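The following dialogue concerns how to read a protein model. Please look at the sequence and the structure before reading on.

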Amino acid sequence: MATAAAAMENLQISKTKELKGTEKRDTLIAIEKKYQKKWQEDRVFQPDAPSTAEVPLHSISASELRAREPKWLGTMAFPYMNGVLHAGHSFSVSKVEFGAGVASMQGKRALFPMGFHCTGMPIKACADKLVNEIEMFGQNFEGYTPTDAVVEEKPVAKQTKEDPTKFSAKKGKAAAKTVKMTYQFQIMEAIGVPKEDIHHFADPQHWLKHFPPLAIRDLTNFGCRIDWRRTFVTTDANPYFDAFVRWQMNRLKELEKIKFGKRYTIYSIKDGQPCMDHDRAEGEAVNPQEYTALKLRVLEWAPKAAEALKGKIPEGANFYLVPATLRPETMYGQTCCFVGPKITYGVFKAADNEYYVMTDRAARNMAYQGIFSNEGVIEKAAEILGSDFVGSLVNAPLSVYKDGVRVLPMETVLPTKGTGVVTSVPSDSPDDCATVADLAKKADYYGIQKEWAELEAPAIIHTPSYGDRCAPFLVKKLKIASPKDTKQLEEAKELAYKEGYYQGTMIIGDFKGEKVETAKPKVRKQLIDAGEAFAYSEPERKVVSRSGDDCIVALMDQWYLDYGEKSWREQALKWVDNADGKGLNTYTQETKNSFESVLNWLNQWACARSYGLGSKLPWDPQFLVESLSDSTIYMAYYTIAHYLHKDMFGKEKGLGNIGAEQMTDEVWDYIFCRRDLDDAILSGSKIPKETLESMRREFEYFYPLDLRTSGKDLIPNHLTFFLYVHLALFPPEYYPRSVRANGHLMLNGEKMSKSTGNFMTLHDMTAKYGADASRIALADAGDGVNDANFEEDVADNNILRLFTLREWSEEMVRERDQLRTGELNNFQDALFDNDMNAIAREAIDQYAQTNYKLALKAALYELTSARDFYREACAAASIKMHKELVFRYIELQALLMAVVTPHWSEYIWLEVLKKPDTIHRATFPKVPEVDPMLSAKREYVRNTASNVHSAEGQQLKRKAKGKETSFDPKKPKKLTIYMGDKWPEWQAKYIELLREMWNPETKSVNDKELNGKIAKLGEMKKAMPYVQGLKKRLQAGEPASTVLEQKLAFDEKETLQQMMPGLKRTSGLVALDVLVIEEGGKKGVNLVDGSEVDISAPVAEMAQPGAPTFLFENVEA
């Protein structure tokens, strides 16, 4: 077995890319450090609201002020301070960072603040582990030997959805992870803490002092536009934030959003308290799953079971097998009961003379749900192997078989789901249907009497799609032959559940004729009222606390936020729906669907705990506010944090010279626009009126929050809580405006993992590639909700690209006097100028839509490519580039790239172009309209140049294959370009068809209808590409009067004449002719001298306007 020491050594083996030369990188990093320091000194990223001296409070409304002086506020989920930031953090950071850059370039006061989350169990649990390890091994762990370590490999079971209608999130970093049980001091070493310093971390407060400064260092190195005046740590370590949390909890309680009562919650027996999402090592976003537990009274024991119980149970006691079901309405159809033949069951005392048969795991849950007579006490009377129960006769409540049903074996019963006892309804459960069929077929093999498995399945629910017995129908339809057909059974189960629940009608029992949706809770209540069932709950999936405890569900008295309360939920759903465009922008339909799904199932959430770090619950200080409950509206705190304190711990007073004790609940109410200012607030808080008004201005100016970004795995908890509490505490004017959920970040196409070496911290990333190249790779990684990919090759290649662009820009400025001046020409210059307009507009538009990958594509790659094309075109024509255009290009690229590469752009702006102030106070340029004629001409020039090269290649391929051709590229060569002057007659009908169907307002056409009409004309192969080409021209902005009148947007003859010198030079031609062919392709006119020419080349016949053809041949030099 591998040792923990070996496991930790493995963490040091890196799979990341190894760099060779670093001189260019080091040059760029030196520039980055220089500007990071200067930006901090010059307060470049420290925006303030317009002061009340400039614009007196209430002289105009807050919304009018925001319209007059545009602003932007963006935040991300603040990082948890139990380690350094990794590349995954940087991906979420980049979305806010780029958003702040765009807003700034749009002329807005852009605020990007960042605090640090320290609330909850993780830090405290790690600190407690270190306390124990110091006792075991000494202060510097000198007593540790590798033999003390344990490494445990844990297989990951396939997770299936319990309820197909319910959204669930899979946390990327936990999925399929091998759990290595190492000591905490080893983990601290692995994240870079020197061994001699580790003992300090046994004090949880030391974590708060150690990691936030490292996060600030790394985010600064990354070039973030963060206003560090507004930073803070959570918990009562900062008394101002502590007062803020107490205020919000008090107000939520007054609004009856916080309640007290018995409710199911995920619970750690070891920790003696609820185990909420941030307290978990495994199982984030897992909730209690409530079942109906049936009491199947044993009428007759199988002989082996009777023997096993002899002498262990009082005479006359009642025994119950206790299956747990999510579908109580189907219990009329029970024909048997299943147990796992290899599972060991316990017989547990529930009350005097009453015993339940189930797994140990289920008993742990029931012991804390008021089901057993003694809370928290588990009394196991006996253990029996599942196979010994087979053949027992039990009474199944509601079943049509009143004389009882038999206990039968089922190989697929899981001891980790439910109670380990499963009731069988083969009419509506495909699993049960397949299993009983298999049992009946192999009765001897299973050691049962065949008739036990052959009870007829009664019809209980009518479904429109699958009839009265949906399970047999689906088993037959999906060709399910046995219980081993797990994939088809999973599909059948989902279909049966959805159809039965949403479309089904009861056809048996007291609720016959009612929809299943309506009847289900009534049947459940009837069973419980009759004493034949009870409520039972367990975690949806495995949950492990950070203390290593396998968690259960407990029914306990506790303070909870009443998420899911009808009116509150409806309010949140309406905001997410955004029907009027004034609600929440979620950017993608998947994110919106996820929010709606979570809002429809999420309910009560425990908001207090007794262990960990945090703020005390103001009215019940024995409890701390839970970590997902103190982090719902802290974005509002950012707006005034710098008025309250200068340091993140609140030890030094801020701009307002206010003590934490002065921040009463009434003061918070006033700042956050919940009440007006009055004498009671002034006298009670002793805060000057001017200071209070200034803080209110900061809030009502920067709020509402324009962008909240986070990983999509936080939608089921944090992001939904964030919406709920904002809607509860703030006026509608200050509800959040947008949430952007992103996927997880992969590294080089693989999941990031310390154990495999495919891992990188943010510090590693910027040290290795510098900030700007790293930011390019993050922008290039992707913008959707799917997992994105950081490619080290992209970062590495862009070090060279940025360095080369910088050198070229410096060279152009140095040699400016050698560049061409005067009027711009109507070919190379006009095309490049128009190209820059088109690319700049595209980049600015994509930035505005938060499509950073596409914006980068335009601003960096396409703009550089356009410059290269212009440079080559000028060289081919033996002319210099135009000074005005070269300088316009340098300035334009600096402005467009400032969002992604702030340091490189700043260097170009200040040191190359010698601008007087930082580029981060500049704005995107006002770009002239794009000329569709020049765009079409540019496309033609590019395509023609490319096609000339391809034509020569095709002729060379013919020669290589031994086909007849007289062309030898090594000899002097001539190119003839055949230009079509008239359109083929067959195209006219398609022009007319498109003219009829084109909608100029939407710049679109009904593709389905158009394709159908083209198909009817019988020329799909040649007509479809032709029509698509026309559509593309129309959508690019060419006038319909040009496109649909069979005209080119530019003069093709003039363009070819302009291209001739360049083509002749770049293709190494001795001669170049352009022949304008007549229809039929047998005669033509030389474009240069007007002479008539006979044409014999077959390729000439294929030429048409806008699509010339080409022929290479050898000539005498």
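Q: How many residues does helix α4 have, and what distance does it reach from its first C-alpha to its last?

A: Helices (H or I, at least four residues) and strands (E, at least two) are DSSP runs, numbered from the N terminus. The expected span of a helix is 1.5 Å times one less than its number of residues. Helix α4, residues 87-105, has 19 residues and reaches 26 Å, close to the 27 Å expected. This is a predicted model, in which local features need pLDDT of at least 70 and side-chain atom pairs count only at pLDDT 80 or more, while totals for chains, interfaces and linings use all residues. Residues are numbered from 1 along each chain as its sequence is written, and side-chain values use heavy atoms, with hydrogens and water left out.

Q: How many residues of α4 are buried?

A: Buried means under 20% relative accessible area, exposed over 50%, and partly exposed in between (1.4 Å probe, protein chains only). Of the 19 residues in α4, 18 are buried, and the helix is mostly covered. For the protein chain, buried residues make up 55% of the 1117 residues.

Q: Why does N221 count as buried?

A: N221 counts as buried because its relative accessible area is 13%. N221 is found in helix α7, which covers residues 204-221. Contact means heavy atoms within 4.5 Å. Leaving aside neighbours within four places in sequence, N221 is in contact with K33, Q36, H763, T766 and A771.

Q: Which residues does G386 touch, not counting residues up to four places away in sequence?

A: G386 touches V339, G340, P341, I343 and Y345. G386 and I343 are 43 residues apart in sequence, yet their C-alpha atoms are 5.4 Å apart in space. G386 is found in helix α11, residues 386-389, and is buried, with a relative accessible area of 0%.

Q: What share of contacts in the protein chain joins residues at least 24 apart?

A: Among contacts between residues at least 6 apart in sequence, the share is 76%.

Q: Into which domains is the protein chain divided?

A: Domain bounds come from an automatic or database domain assignment. The protein chain is divided into domain 1 (288-539), domain 2 (792-924) and domain 3 (934-1114). The centres of domain 2 and domain 3, taken over C-alpha atoms, are separated by 31 Å. Their contact takes 11 residues from domain 2 and 14 residues from domain 3.

Q: What area do domain 2 and domain 3 bury between them?

A: Buried area is the accessible area (1.4 Å probe) that two parts lose on being put together, summed over both. For domain 2 and domain 3 this is about 1100 Å², with 60% of it on carbon and sulfur atoms. F827, L831 and F869 supply 46% of the area that domain 2 buries against domain 3, more than any other three residues.

Q: Which residues does UniProt list for "domain: Leucine--tRNA ligase RagD-binding"?

A: UniProt positions are given in the numbering used here, feature names are shortened, and annotations may be inferred rather than shown by experiment. For this feature, the unreviewed UniProt entry lists residues 981-1036. Over residues 981-1036 the chain is 64% helix and 0% strand.
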